[in-house]
Amino acid sequence: MRPYVILNAAMTLDGKIATKTGSSEISGLEDLKRVHELRKEVDGIMVGINTVLMDDPRLTVHKITSEKLDNPIRVVVDNKARTPIESRILNDDALTIIAVSNKVETDNIIFERSKALSEKADVFYSKDPSVNLKELMKYLYSKKIKTLMLEGGSTLNFSMLRENLIDEIRVCVAPMVVGGKYAKTLFDGDGFDFMKEAINLELKNSYQLGKDLVLEYKVL
Ligand SMILES: NC(=O)C1=CN([C@@H]2O[C@H](COP(=O)(O)OP(=O)(O)OC[C@H]3O[C@@H](n4cnc5c(N)ncnc54)[C@H](OP(=O)(O)O)[C@@H]3O)[C@@H](O)[C@H]2O)C=CC1
Ligand SMILES: Nc1nc(O)c(N)c(N[C@@H]2O[C@H](COP(=O)(O)O)[C@@H](O)[C@H]2O)n1
């Protein structure tokens, strides 16, 4: 068993989720409120380590008022235990799970960092050199995460997609373009070689929110 996974992101019309320097404020206020309504509904929110290093996100419900007392559990996929100990994701607002790779077994620095992180978070130790996402999903389900919001970045998005671990994609398309071949897109990673390998989607809903366009797809 694994959580039901909803990928949510904001991108420019040219598919970028950040500029080449990592600047990523894309959504308008209305869309951010939609995102936080979704955060309120899910049991967990997951990001890759580069997103933590670039954005220092909180990943809590903080742009809307909520009667719900608990924030979702935060999850960071972090092979080498690089999550800074002072980062906001480790504050007391919610429980945090850091998933690290088996590099902790052979690299003393990584081991020491994961030990320090375990004082502030629940550390999941994967058996593989890059966190085994299927294994991680099973673990999250065992921790009562039945619905998981995936909030980027592009590398983790593609790994989750390739492993068939995404059920829905909700994307806010902002009316702007930034260009740049080094700017992150919605899905990066290695990509597929041929169109016949593409993951097919079905558009379920689309609507305008302020200046932005929201598209909601089911992954087939
Ligand atoms: N506009 C938006 O909606 C959003 C934008 N962003 C932006 O995205 C950018 C970050 O994206 P990106 O650089 O792609 O990084 P990610 O946040 O996707 O993190 C990728 C890293 O996660 C680690 N990792 C561990 N296991 C896996 C695995 N199985 N598969 C994939 N990754 C794994 C790796 O770390 P290691 O290298 O240590 O091995 C990898 O390099 C930032 O600029 C951020 O602002 C992020 C979220 C939303
Ligand atoms: N939906 C959305 N729109 C944008 O414009 C964004 N830049 C993001 N980014 C994601 O939200 C995280 C920040 O969360 P906090 O406000 O700090 O809780 C960021 O790290 C991305 O995952 N999302």
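Predicted model: local features only at pLDDT ≥ 70, side-chain atom pairs only at ≥ 80, totals over all residues.

User: What makes the radius of gyration of the chain agree with that of a compact globule?

Analyst: The radius is taken over C-alpha atoms, and the globule rule is 2.2 Å times the number of residues to the power 0.38. For 220 residues a compact globule would have a radius near 17 Å, and the chain has 17 Å, so the two agree.

User: How many helices and strands are there in the chain?

Analyst: The chain has five helices and nine strands. These are DSSP runs, numbered from the N terminus: helices are H or I with at least four residues, and strands are E with at least two.

User: Why is Val-171 called partly exposed?

Analyst: A residue is buried if 20 or more other C-beta atoms lie within 10 Å of its own, exposed if 12 or fewer, and partly exposed in between, with C-beta atoms placed from the backbone. Val-171 has 18 other C-beta atoms within 10 Å, so it is partly exposed. Val-171 belongs to strand 7 (residues 168-174). The C-alpha atoms of Val-171 and Ala-9 are separated by 5.0 Å, although the two are 162 residues apart along the chain.

User: How do you know that the buried residues of helix 3 line one face?

Analyst: In helix 3 (residues 108-117), the buried residues are Ile-110, Arg-113, Ser-114 and Leu-117. Seen down the helix axis, they fall within an arc of 100 degrees (the arc of the directions from the axis to the C-beta atoms), so they line one face of helix 3. The face turned away from the buried side carries the exposed residues Asn-108, Glu-112 and Lys-115.

User: Which residues come nearest to ligand 1?

Analyst: A residue counts as near a molecule if its C-beta atom, placed from the backbone, lies within 6 Å of it. Of the 30 residues around ligand 1, Gly-48, Asn-50, Gly-152, Gly-153 and Ser-159 come nearest. Helix 2 gives the largest share of this shell, five residues.

User: Which residues are closest to ligand 2?

Analyst: Ligand 2 is surrounded by 17 residues, and the closest are Ala-10, Ile-26, Ser-27, Asp-55 and Pro-57.

Technical notes: Residues numbered from 1 in each chain as written. Chains lettered and ligands numbered in written order.
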